[in-house]
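Have the structure open as you read.

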Amino acid sequence: MKPGFLTCGLLLGLAVVLAASPGFAMPPGGNIGQDLLEEMKAVGWKPVAPGVLQRSLGDHKVETMALGPEGFAWMAEQLQDRLELLLDEYRVRPTANLRQAIRNQQRQIRTLREQIQTLPLEPADPAKSSCNETYLAVVNAYGTAPNPGVRADVNASFSKGCGYSGDTYAYAYATATLNGTTTTVAQTDPDSGANISSHATASVAGTTDCYSYAYALVNSSALGISHSMVEENFECQPPVGESYFAVTPCRVLDTRNTTILTNAQPRVVNIAGLCGIPSTAKAVAFNVAAVSPTGSGKFRLYPGDASTANPNALLSILTFAPATSPRANSGVIQLAANGAGTLGIYPEVAGSPGQAHLVLDVQGYFSKDASPAAGAVGPLGFQTVPPCRMAWPASPLVAGTATNFTAQGVCGVPAGAAVASLHLGVARPAYNGYISLYPSNIATPGTSTLNFTSGITMLRNGAWVKLSPATPDIAAYFGSTAGATASVHFDVNGYFKSDAPLKYNPITPCRAVQGVLLTTDTVRTFPIQGTCGVPVGAKAVFVRLQIANPTSSGDLTAYPSNLALSEVAVSTAKFDAGEPTLSMGTVVPLSTLANDLAVSPGEMTAGGTVALAVDVFGYFQ
């Protein structure tokens with residue numbers, strides 16, 4: 001890979017254009033004049049936020065220019081998101097490098113926020129000076145060095161002169177990951193005076209499965225301009241993904257038939273050999289439900305050979321409370337790495353006796369097998385489609401009956417698809433009950449896809465539903481009190497098919513977004529590729545969205561950040577006011593931008609807020 005760099009002259013030229021183009025003025029907030037905006041868009045720049053433009057330079061490089069107070073505030077927000085990821089990593093792996101990186105990151109955020117108070121309403125005009133303001137951002141992300149291995153090498157520098165006053169800053173951040181070993185280095189400007197420079201290098205020796213990330217940031221409060229360059233690289237041998245094999249929905253575990261789970265008492269159960277799951281399965285796709293909990297809590301599911309010495313390192317799959325149970329969520333969890341085919345369950349239930357039942361229904365498994373186990377369909381790849389409302393039946397489902405629907409040939413799901421990736425929603429149910437989705441050519445299985453209680457506004461759950469070869473290909477059975485009805489809808493976001501291109505790569509579950517407070521009708525973006533072991537080039541991720549403490553009922557939409565919110569036809573999750581915690585497992589496509597995942601809450605009262613965390617369990621590539 002060629003080193004990525006931006007020359008001083010090019011950057012100076014851009015500064016001159018920003019400050020001196022005809023018809024351009026820098027009003028408060030760094031808004032960009034329409035004429036200049038059109039000029040910059042013509043050469044690849046795209047406005048991503050007020051006062052912020054971004055463009056891709058190819059070879060995994062992204063350039064960002066932030067102007068004025070709003071642009072600087074946006075830069076600070078991006079660094080704050082990255083700081084949260086560093087803090088999460090430090091909790092698991094407290095190294096000196098990470099500790100110093102956190103300190104440098106905190107210093108950079110403070111500096112940016114302090115500079116906002118001193119920014120001019122209009123940037124200075126370098127064209128009127130007798131010498132040049134020069135910036136230099138050099139970022140190199142290598143996939144074949146050293147020895148071979150992986151290295152991220154960054155230099156950020158700023159030279160100020162010509163009588164300008166005001167703060168300048170240079171910041172360099174490098175991280176390199178190989179086979180689960182990560183080295184992170186962050187450096188702020190070590191010098192003072194006219195020449196500000198920072199350099200950081202992180203490297204790991206090895207041969208395969210490597211990733212590097214290099215980030216350089218320089219800014220000037222005198223000019224009111226902040227400039228960054230990012231390069232991400234995944235050039236070593238990528239991991240070979242897992243194919244999906246769909247099974248007939250099957251109940252693999254129901255503790256109501258064995259022993260109830262008790263707070264902080266882990267249990268390991270066999271999965272391989274049951275419900276058509278072979279010993280070669282690496283991960284299982286399932287629906288999990290909490291039943292009859294005596295207190296609020298969560299279930300953490302993990303590979304059966306993983307340690308529970310630090311339960312907080314095991315991310316939860318499902319949160320629940322007595323008043324809203326039974327409550328279900330979909331997920332994909334790795335089985336024991338030692339080949340035992342086991343799954344661990346760690347219950348956390350408040351109060352005494354602190355107990356809850358767990359029901360686990362499998363939908364399929366991931367494996368590198370070339371042929372399916374008996375009764376399974378595969379190997380299958382995955383393909384995303386734009387989220388689309390597949391069906392909203394005019395007539396509600398009736399308890400004790402099954403209704404058929406069609407997925408193939410609808411919303412981009414092709415004929416011959418073996419599995420549809422869906423969101424199933426129920427609106428304002430007047431009864432407690434459950435809905436089971438399954439292929440229409442089999443008898444109703446003893447499984448559930450969505451469990452709900454009466455009185456909720458709207459509840460959704462994700463599901464990978466095996467399809468009948470002939471249409472209508474999906475059956476929906478409503479289990480409830482005789483005479484009960486339920487209004488449901490189906491949204492599709494992808495499908496599995498023998499010739500679909502994407503394979504799944506399970507990872508150690510990782511929190512990519514930590515407790516961010518979102519405000520209704522605003523859009524936030526976050527970096528997923530390059531974090532948590534998700535490489536650059538990943539097309540989609542399987543995540544758990546954790547939604548907490550909404551101030552009103554509403555919805556949350558998660559989508560690739562290259563789309564405008566208006567282009568996304570359906571929301572991802574629904575929630576009620578005061579919902580303590582709601583889990584939603586789903587596949588979300590990613591964009592190619594540096595911040596590749598976008599989220600937005602809506603349909604809330606004015607000024608409404610909701611807290612969000614995003615846990616990543618694997619990626620499709």
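Two strands count as paired if DSSP finds at least two bridges between them, and strands (E, at least two residues) and helices (H or I, at least four) are DSSP runs numbered from the N terminus. This is a predicted model, where local features need pLDDT of at least 70, side-chain atom pairs count only at pLDDT 80 or more, and totals for chains, interfaces and linings use all residues. Residues are numbered from 1 along each chain as its sequence is written, and side-chain values use heavy atoms, with hydrogens and water left out.

Now to the sheet. Four strands make up an open sheet, in the order β14-β19-β16-β17, with antiparallel pairing. Its edges are β14 (267-270) and β17 (316-320), each of which pairs on one side only. From one strand to the next, the twist averages 25°, an angle taken between N-to-C directions on a scale from 0 to 180 degrees, with axes fitted as lines to C-alpha atoms.

Follow β19 (residues 342-349) next. Four bridges link it to β14 in the antiparallel sense: Val268 has Gly344 as its bridge partner in β19, and Val269 stands opposite Leu343. Strand β16 (residues 297-303) is joined to β19 by seven bridges, again antiparallel, and here Gly297 has Val349 as its bridge partner. Because seven of the eight residues of β19 are buried, this strand is largely enclosed by the rest of the structure (buried means under 20% relative accessible area, with a 1.4 Å probe and protein chains only).

On a 1 Å grid over the protein atoms alone, a cavity is a set of points where a 1.4 Å probe fits but cannot get out, whereas a pocket is an open set with protein on both sides within 12 Å along at least five of seven lines; lining residues have an atom within 4 Å of a point. Volumes are the space filled by probe spheres set on the points.

The second largest pocket holds about 500 Å³ of space. Of its 24 lining residues, Val48, Ala49, Trp74, Val523 and Thr525 are the closest to the centre. The largest share of that lining, six residues, comes from α3.

Key:
Buried < 20%, exposed > 50% of the residue type's maximum accessible area, 1.4 Å probe, protein only.
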